[in-house]
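Open the model in your viewer and keep the sequence panel beside it.

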Amino acid sequence: RPGVNPTFWLNYIFFTNPYHWTSNRRPMILHRFGGLGSHRYQVGFSGDVIPTWDALSFQVYFTLTASNVLFGYWSHDIGGHLRPSPPELYTRWIQWGVFSPMFRTHCTKDPSNFRDIWRYPPENYPIMRHYIVL
């Protein structure tokens with residue numbers, strides 16, 4: 001339909017079409033933000049993020065905005081998604097991310113792009129672990 005955000009439309013289809021369900025229970029979906037009204041479809045996330053300090057700063061703003069348009073469950077790719085995250089940036093992202101509605105470390109399938117905290121330098125690991133086990 002003209003004027004309908006395709007992401008919003010896909011969220012609607014996957015949420016309401018019972019032919020996609022494997023039981024009689026409505027599924028929970030994790031979806032990209034498709035604009036206002038997307039909060040109807042459970043868990044939203046901000047999309048694939050490049051790991052930069054500006055992106056982390058924007059994620060804080062974006063998460064608050066999602067809350068303002070009634071998202072109860074909001075997620076993002078902690079540490080970025082598209083390439084490796086520098087240790088200091090990932091540590092700060094973890095510190096902020098544990099207080100987000102959904103804590104989800106996630107990235108592309110690339111052996112050089114990982115999100116395991118124990119694979120980061122020894123000076124960063126204890127800080128990240130401390131926040132994760134709060």
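Where is H76 found? Select H76: H76 sits in the loop between β3 (73-75) and α3. Helices (H or I, at least four residues) and strands (E, at least two) are DSSP runs, numbered from the N terminus.

A note before going on. This is a predicted model, where local features need pLDDT of at least 70 and side-chain atom pairs count only at pLDDT 80 or more, while totals for chains, interfaces and linings use all residues. Residues are numbered from 1 along each chain as its sequence is written, and side-chain values use heavy atoms, with hydrogens and water left out.

**Stay on H76.** Is H76 buried or exposed? H76 counts as buried because its relative accessible area is 0% (buried means under 20%, exposed over 50%, partly exposed in between; 1.4 Å probe, protein chains only). Now show contacts (heavy atoms within 4.5 Å). Beyond four places in sequence, H76 touches residues including F45, W93, W96 and R104. Its side chain also makes a polar contact with the side chain of S100 (3.1 Å). A polar contact is a pair of N or O atoms within 3.5 Å; within protein, one must be able to donate a hydrogen and the other to accept it, and residues adjacent in sequence count only if both atoms are side-chain atoms.

**Next, select R104.** R104 lies in the loop between α3 and α4 (125-132). R104 is buried, at 18%. Its side chain makes a polar contact with the side chain of S75 (2.8 Å).

**Last, select Q95.** Q95 is in helix α3 (residues 87-97). Q95 is buried at 17% relative accessibility. Leaving out residues up to four places away in sequence, Q95 touches I127 and Y131.
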